Structure formats: structure tokens, C-alpha cells
Amino acid sequence: MASIEGRAANFRLLDQLARADTAIHRLDARAKVVVTLTFIVVVASFDRYTVAALLPFFIFPVVLAALGKLPTAYVARNVAVAIPFALAIGLFNPLFDQRVLFELGSIPISAGWISCASIVVRAVLTLSAALILIGVTGFPAVCEALERLGMPKVLAMQMQFLYRYLFVLIEDARRSARALELRSCGRLPRLPTVASLIGLLLLRTWQRADRIHMAMLARAYRGDFHSRKAGNFGSSEVAFVAGWMALFALLRVYDASQLLGALVERALP
Amino acid sequence: MHMADALLSPAVGGTMWAVSTGTIAYCSKKVTDELDERKVPLMGVLGAFLFAAQMINFSIPGTGSSGHLGGGLLLAILLGPHAAFLTIASVLLVQALFFADGGLLALGCNLFNLGFFPAFIAYPLIYRKIAGQRPGQMRLSVAAIVAATVGLQLGAFGVVVETVSSGISSLPFSTFVLFMQPIHLAIGIVEGVVTAAIVSFVHRARPELISAARPTATPGQQSLRKLLLAFLVGAMLTGGLFSWFASKDPDGLEWAIAQVSGEAELKGPEQGMHAALAALQDRIAILPDYAFRKNEAQIQDNGGSDGNGDAYPESRLGSSVSGIVGGLLALLLAFLIGFLLKKRVRRMPRAGGLP
């Protein structure tokens, strides 16, 4: 159960990174959300055997992470943790798709391996983009952006609440879990024990929600959160969105890898 | 269990986004109309609770492996379907953003698989039907186990349908179904047992919490009708989707059969490859044209498989090699740019930034 601590610490670190103040952090959250979503859709739109044409797209997460001062190792570690599911499904491709696409030297490369590689590249691109979005924007700002882009207000509020109490409740669960762990002598706890532990946690949570609501009413809560950063969609946001969109469109239509490769081949006869 | 962006085509991802956004809009309206203003903070805090609870592992009897709570059904029992659906949506968004579980394009799929099925199928149509008004211990357990199992089976089937119809993975429909459904049968039973245990614990300690959630789910005849209408729309949507996929399914199945029978005679590569090529050609022809299909490699691919060609044209080989070289170069360039940018950003210290 050490992973609870790990995950919670990880979570807190990401939250802290989002509070930095760089040019990317200062951009309106809507611009970043829109560009990231477009990026993911464009990456997903390539056909299953595309690998090379996807590689130039690394420019987006890399540039954003660099400008937003996100530690490379941190992003890499988090993405690596999440890859296995996509990889597990992707590894079936070489089994079911054994058609030989081309030979590299004398090693035949089957279509399955190509599409498996494509899945991994896609996974790295999309996962890192999502992670970097939160790392350079912060969850409350992403929520606000989504609300201003049309997400229902109830859901947006609910997410703000979720976010605000996440740390408190993780801490609470962590304490209970550790106490249980210390009493179970190295074995995994049994299901009924955990069920009543979670039940207690639930009761505490419920009471907490009631108290929170009372306290908020006492402070004139009318169903709105007021946040300091309103943010406006200025010229730098327009430039950011237009620039990335143009680049994505270019990379989608022209295979930059192919062009680069051809250029190199011509240069080295 | 979470669907991943990497396995999804924009068409499928977009469709599921549309379906899920529609459901979110409907649920938001319902929750707003209820005017129970205590509910929004409660939903938020319960969402956070679900996170915390998911981090606690327990041993699964008889297997030696460990599991944790999924929680969709539990939320539906505690909050009613509409509020539960919204809460699950927020939990999934946090998971997608912070823990890279699933992804943003896959959010629509995940919300449908893990939110719609437990909240709008498993809870009202199974759990409530079996549990009735005043369930005893036994009845409640049975209801929770059956509902959780059905919910997870539907969810797992959703993952399979979404993956296969996206066509990024080569897993045939039948193999994937045979792989996913039994696993999720086990997961569903465990989920049901845990849910039942938690619900009966809460029921014993504070019975009003469980019964308080009830009236909001069926406040009266009129809203029941609306609920049924919503289900009808949902069913028609899913039906439409499934039939859209179904037009392709026989093919996928045939392809799977060809593959499975082809595997036995791997030593005759000609035949296996021929079958695979033919099936591939079928797939390409039957898949609807996506908007972005025009890139050159794809056209060549189509041309290559058209004539049952066993060898690929020379140009294809050439383009592959320059593609590899260029791709690696592009990757290198991207990281080089990142590295230089990083250096520059470091050199310009800015007040308020992280050290």
C-alpha cells in the first residue's frame, strides 16, 4: 500500500508545478485546452500503420514542457507508468497481423510490429499532452476553461469541490490504510475489513460534506466560486492557438519525416 | 479497463464524446432542477472519497491477487443515477489529466463504459428491481453483485466494441471478447461483494443516508416517464451505434476465423498471408472513409492490397527507409528544440517561478 503515498505525492507535485509563472502558465487556459484537444484528435486521426509521420508531433509536448519548466524526468516517469495498457493491447498486433510490410536489411518487419509501434507512439504523445496540459495550467483553471467553453455549471462546480477535498480525503484514507496495514502483519487485508474501513471513510466523508455546506452557507455561498484569475483571450492566446493549429495542419498534410528523410538522402548520395 | 487514446480513432472517440456530453447535459439539468443545493458539495466530496477509496487494496479470496473498488454502482446507490453520472465524469477527468488513465479523447468512451452502464442500466434496471424497497442483507448482496457484474460486463463489451471499430488494434472481435468478458466477470463479482458490504455497513450505521437517496431517484410518475424516455433515447442511440458496428462485425468475425484457422498452418505462409491480405482489403473497403484519409502511404497501401499483391512496390521500401530516417531526425530535432528552449528559459530567471 506504499503506492498510496507515492500517488498522493505525485499528485501534489503536479499541482505545485502548475503554480509556476511562465509565459505558458500565463496563457488563458482555454487556449491551452483547445490546442491540446486538437493535438490529440490530430494524432489519433492517422491510420494504424503510421509511425514516422507521428514523430514530428513530439514537438508540441516537448516545447510546452520546456517553456513551462516541467521536469522532463517527471513527465517521462508518469507517462511510462501509464503505457502498459496500450502496450498490452498493442502487442497482440504482431500476432494477428503478420503480413510483411518491408525488410530492414534482411529482417522482415511485419505490419503488426509497425502498428504496435504506432500504438506506443500515440500513447506517449496523447498521455504526455494531457499531463503537460495540467502541469502548465492547473486543475481549477482547466475546469474554469471547460466551463467557459460550455461545460454545465453543476459539473464544473462539482469538479472544483472534488479537487478541493481530494487532498484531504486522500490523507484521511492514507492514515486509515496505514493503520490497517500495521495491524495486518504484512498480509493484504481481507475484503470485509476493507469494506467496513471504506464504509467508515464514507460516513466521515458524508459528515464532512454536511459541515462544509453549513460553513459555506454561513459565508454567503450562493452556488458560485469566485476565482481571482479571470483571464482574457488576448492576442498572445490567438497567436498561440493559430500557430499550433497551423503547425498541426501542416504536419497532418505533409509527412515531415518523409521530407526530411528525402532531403538527407539527396544530400548524401 | 480504461479505454486509451492510443487505441481510438477520432470517429469513434468523437461519437462517444457526443453521446456522453449529451448525457452530461441531461444529468446537469436534472440535478439543477432538483434544487437540492446540498447535493453539489456532497457530489464533489464523494468524488474525492471515491479516489481515496480506490487507493485501498484488498486481497481477493482464493486468488492471491489484489483488487480495489471501482465505485460506479456505489455512487449510483448513494446519489441516484444523475448525480452519480456527473460525479463519475469528474473522477474520470481527474484520472485522465493527473494519472494519465485513459486519455482525453477516450474520455467519452470511458464515461459511457464506466458511468452510463452502472448509473443508468445496472442501478435502476437491476439493482433496484432486485433490492426492492426494504432489502434484507441477502437480497441487497444479490442485487449489488448482479448489478455490478452486469454493469462491468457491459462496460467491458463497450471497450471491445470501441477498440475493434476504431481499427487501430488488430485484435479480432471474438478473441478480444473472449479475453475481456471472463476477466470482468470476476472483477464484477468482487466489485459487487465490496459494494454490498459497504452499502450494508452504511445502512446499519446510518440508514437514512441510503433511503435518502431513494426519493430523488423516483420522485413521481412524471419523472419516471422522463427517465424511461431517456432510456429509450439511450437505447436507440446505442442500438444505432451497435448496428452501425454490426454491419462490420461479420467481417471482423470472418477475419478472426480466417486468422485462427490460419494460425494452425503458419508454415504455409503464402496461404496465411493471402487470407490476411484479403481480410485486410475487406476491412479497408468496409471501413467508412475518415475525413483525413488522403495521405500518400494510405493510398499506396490500398493500391498494394488491391491486386492481392504479395510484394510491395520498390518505392514503398524506399519511402519506408527515408521515413524512418526522417522520423528519427524529426524526433531528434523536436527534443533539441525543447532542450534549447529549456536552457533559454532557465537563463532568464523570472520572479515567482519555481526554482
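**Entry 1: helix 3 of chain B**

I call a residue buried if 20 or more other C-beta atoms lie within 10 Å of its own, exposed if 12 or fewer, and partly exposed in between, with C-beta atoms placed from the backbone. This is a predicted model, so I kept to its limits: local features need pLDDT of at least 70, side-chain atom pairs count only at pLDDT 80 or more, and totals for chains, interfaces and linings use all residues. Residues are numbered from 1 along each chain as its sequence is written, while chains are lettered from A and ligands numbered from 1 in the order in which they are written.

Helices (H or I, at least four residues) and strands (E, at least two) are DSSP runs, numbered from the N terminus. I looked up helix 3 (residues 72-79) of chain B and found it mostly covered, with eight of its eight residues buried. Among them are Gly72(B), Ala76(B) and Leu79(B). Just after this helix, Gly80(B) takes a positive phi of about 90 degrees.

**Entry 2: where the chains touch**

Two residues are in contact if their C-beta atoms, placed from the backbone, lie within 7 Å. I read off 106 residues from chain A and 103 residues from chain B in the contact. Helix 11 (residues 191-218) of chain A gives the largest share of chain A's side, 18 residues. Chain A's side splits into 73 nonpolar, 19 polar and 14 charged. Here Ala, Val, Leu, Ile, Met, Phe, Trp, Tyr, Cys and Pro count as nonpolar, Asp, Glu, Lys and Arg as charged, and the others, Gly among them, as polar.

**Entry 3: helix 11 of chain A**

I checked the length of helix 11 of chain A: at 1.5 Å a residue, its 28 residues should span 40 Å, and the end C-alpha atoms are 40 Å apart, which agrees. (The expected span is 1.5 Å times one less than the number of residues.) Its buried residues include Val194(A), Leu201(A) and Ile212(A). On chain A, the buried residues pack against helix 10 (153-183), and on chain B against helix 2 (39-54), strand 1 (58-59) and helix 7 (173-205).

**Entry 4: a hairpin in chain A**

I found strand 1 (residues 100-104) of chain A running antiparallel to strand 2 (residues 107-110) of chain A, joined by four bridges. (Two strands pair if DSSP finds at least two bridges between them.) Leu104(A) has Ile107(A) as its bridge partner. The hairpin has two residues between the strands, and Gly105(A) takes a positive phi near 65 degrees there.
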